Amino acid sequence: MQKLITLLGVEIPCANDGITVYMHESNPVKELSLKQLSDIYTARITNRKEVGGPDAKITLYGRENSSGTYVFFKENVVKADYAASCQTLPGTAAVVNAVKKDKFGIGYGGAAYAEGVKHCMVKRDDNNTAYHPTEENIAKNLYSITRYLYM
């Protein structure tokens with residue numbers, strides 16, 4: 001009699017990753033709460049003046065829906081469907097490049113890719129401190145948009 005062997009996948013957490021919110025370097029907004037980010041990505045907030053910036057429409061950039069970063073950001077930050085105006089791009093480098101060229105843009109992705117853009121500090125809510133997505137803040141789970149990466 002043959003035995004049927006079933007192999008089950010095992011997830012092993014191997015690192016903490018921070019999902020960074022990118023803004024154009026000229027954007028005067030320094031920090032946003034998770035609620036504000038949700039409101040921006042669902043188009044409840046569409047103008048930078050609503051979050052302390054100048055009077056200008058916000059341009060949204062995000063990852064494609066097949067991306068784990070897209071899913072994590074949607075489930076843990078946006079908590080709803082993205083606004084139809086969100087331009088989805090094939091990778092984090094594309095999001096960074098779009099925000100780098102768009103002074104009204106905002107995007108998200110891995111912290112390691114953020115060259116030539118500004119990192120936005122993020123806070124859980126109005127009663128908490130906002131943190132930069134530094135390696136130390138991500139490792140200590142101080143930065144609000146942190147996730148485990150698995151092998």
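I take contact to mean heavy atoms within 4.5 Å. I take helices (H or I, at least four residues) and strands (E, at least two) as DSSP runs, numbered from the N terminus.

The model is predicted, with pLDDT of at least 70 needed for local features and 80 or more for side-chain atom pairs, while totals for chains, interfaces and linings use all residues. Residues count from 1 along each chain as its sequence is written, and side-chain values use heavy atoms, with hydrogens and water left out.

**Entry: α1 against α2**

I looked up where these two helices meet. Leu34, Leu37, Ser38 and Tyr41 of α1 meet Phe73, Val77 and Val78 of α2. The packing angle is about 120°, and the axes lie 9 Å apart. For this I use axes as lines fitted to C-alpha atoms, for helices over the stretch in contact, with angles from 0 to 180 degrees between N-to-C directions. The pair is therefore oblique. My classes are roughly parallel under 35 degrees, roughly antiparallel over 145, roughly perpendicular from 65 to 115, and oblique for the rest.

Is α1 largely enclosed or open? I find 6 of the 8 residues of α1 (residues 34-41) buried, so the helix is largely enclosed by the rest of the structure. Buried here is under 20% relative accessible area, exposed is over 50%, and partly exposed is in between (1.4 Å probe, protein chains only). The buried residues are Leu34, Leu37, Ser38, Asp39, Ile40 and Tyr41. They pack against β1 (13-23), β2 (31-33), β3 (59-63), α2 (68-78), β5 (105-110) and β7 (121-123). After α1 comes Ala43, with a positive phi near 65°.

**Entry: nonpolar cores**

I define a nonpolar core as a set of buried Ala, Val, Leu, Ile, Met, Phe, Trp, Tyr and Cys residues joined through side-chain atoms within 4.5 Å. The largest has 28 residues, and Val21, Ile40, Tyr41, Phe73, Ile106 and Ile145 touch the most other members. At least two residues each come from β1, α1, α2 and β5. The largest share, 5 residues, is from α2. A second, separate core of 9 residues includes Tyr61, Leu89, Val96 and Val99.

I then checked Ile40. Neighbours within four places in sequence aside, Ile40 is in contact with Leu32, Ile45, Val51, Ile58, Leu60 and Ile106.

**Entry: Thr92**

Thr92 lies in α3 (residues 92-101). Thr92 is buried, at 8% relative accessible area. Which side chain does the Thr92 side chain reach by a polar contact? The partner is the side chain of Arg63, at 3.1 Å. I count a polar contact as a pair of N or O atoms within 3.5 Å; within protein, one must be able to donate a hydrogen and the other to accept it, and residues adjacent in sequence count only if both atoms are side-chain atoms. Leaving out neighbours within four places in sequence, Thr92 is in contact with Tyr22, Arg63, Gly109, Gly110 and Tyr113.

**Entry: Asn137**

Asn137 sits in α4 (residues 135-139). Asn137 is buried, with a relative accessible area of 13%. With neighbours within four places in sequence set aside, Asn137 is in contact with Tyr131, His132, Leu142 and Tyr143. Lys30 is 107 residues away along the chain, and the two C-alpha atoms are separated by 17 Å.

**Entry: cysteines**

I searched the whole structure for disulfides (cysteine sulfur pairs within 2.5 Å). The search finds 0. Cys86 is buried at 11% relative accessible area. Cys14 is partly exposed at 47%.
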